[in-house]
Amino acid sequence: MSIDWSALGQVTAVSVGVTVAVVVVFALGVLGLARFEGAREDGTSTSTLGAAQAGLCFLACAAVVAYGIYLIVPQFH
């Protein structure tokens, strides 16, 4: 029995890359949420840009997670 190590390495590289990308996008969402909350606490006009940034980033993370679940669960195919 022969193991194809290059395929394992490719899967590992893609997994690590996607994980880092999702963490970065999630962190940008948290930053947008902090901007929104900070503007609200300061009494200045609410930062719609921060709310939009948070919403888009969290939506992107949810889409990636949903796609991953779709790939894993065979009943969805």
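Helix α2 has 25 residues and reaches 36 Å from its first C-alpha to its last, close to the 36 Å expected at 1.5 Å a residue. Please keep in mind that this is a predicted model. The buried residues of α2 pack against α1, and the buried residues of α1 pack against α2 in turn.

**Helix α1**

- Helix α1 covers residues 5-42, which gives it 38 residues.
- From first C-alpha to last, α1 reaches 55 Å, close to the 56 Å expected at 1.5 Å a residue.
- Its buried residues are G29, G32 and A39, and these pack against α2.
- After α1 comes G43, a residue with a positive phi, near 85°.

**Helix α2 and its buried residues**

- Helix α2 covers residues 48-72.
- Buried in this helix are G50, Q53, A54, C57 and C61.
- These buried residues of α2 pack against α1.

**Q53, a buried polar side chain**

- Q53 has its place in helix α2 and counts as buried, at 18% relative accessibility.
- The Q53 side chain reaches the backbone oxygen of L28 at 3.0 Å.
- Setting aside neighbours within four places in sequence, Q53 is in contact with L28, G29, L31, G32 and R35.
- Among these contacts are G29 and G32, which also belong to the buried residues of α1.

**Aromatic pairs**

- How many aromatic pairs does the structure hold? There are two.
- F26 and F58 form a tilted pair, with 5.3 Å centre to centre and 50° between the planes.
- This pair links distant parts of the chain, since F26 sits in helix α1 and F58 in helix α2, 32 residues apart.
- F26 is partly exposed, with a relative accessible area of 43%.
- F58 is likewise partly exposed, with a relative accessible area of 28%.
- Y67 and Y70 form a stacked pair, with 6.3 Å centre to centre and 25° between the planes.
- Both of these tyrosines lie in helix α2, three residues apart, about one turn of the helix.
- Y70 is partly exposed, and its relative accessible area is 35%.

**The salt bridge**

- A search of the whole structure finds one salt bridge.
- As background, side chains of opposite charge can pair when their charged atoms come close.
- In this model the side chains of R40 and E37 meet in a salt bridge, at 2.8 Å from N to O.
- R40 and E37 are separated by about one helical turn, because they are three residues apart in helix α1.
- R40 counts as partly exposed, at 48% relative accessibility.
- E37 counts as partly exposed too, at 29% relative accessibility.

**Cysteines**

- How many disulfides does a search of the whole structure find? The search finds zero.
- For reference, a disulfide is a covalent bond between the sulfur atoms of two cysteines.
- The cut-off used for a disulfide is sulfur atoms within 2.5 Å.
- C57 is buried, with a relative accessible area of 11%.
- C61 also counts as buried, at 10% relative accessibility.

**A spacing to look at in the viewer**

- V16 has its place in helix α1.
- V16 is partly exposed, and its relative accessible area is 48%.
- V16 and A62 are 46 residues apart in sequence and 18 Å apart in space, C-alpha to C-alpha.

Note on methods:
Residues are numbered from 1 along each chain as its sequence is written. This is a predicted model: local features need pLDDT of at least 70, side-chain atom pairs count only at pLDDT 80 or more; totals for chains, interfaces and linings use all residues. Side-chain values use heavy atoms; hydrogens and water are left out. Rings of Phe, Tyr and Trp (its six-membered ring) pair if their centres lie within 6.5 Å; planes under 30 degrees apart count as stacked, over 60 as edge-to-face and the rest as tilted. Helices (H or I, at least four residues) and strands (E, at least two) are DSSP runs, numbered from the N terminus. Buried means under 20% relative accessible area, exposed over 50%, partly exposed in between (1.4 Å probe, protein chains only). A salt bridge is a side-chain nitrogen of Lys or Arg within 4 Å of a carboxyl oxygen of Asp or Glu. A polar contact is a pair of N or O atoms within 3.5 Å; within protein, one must be able to donate a hydrogen and the other to accept it, and residues adjacent in sequence count only if both atoms are side-chain atoms. Contact means heavy atoms within 4.5 Å. The expected span of a helix is 1.5 Å times one less than its number of residues.
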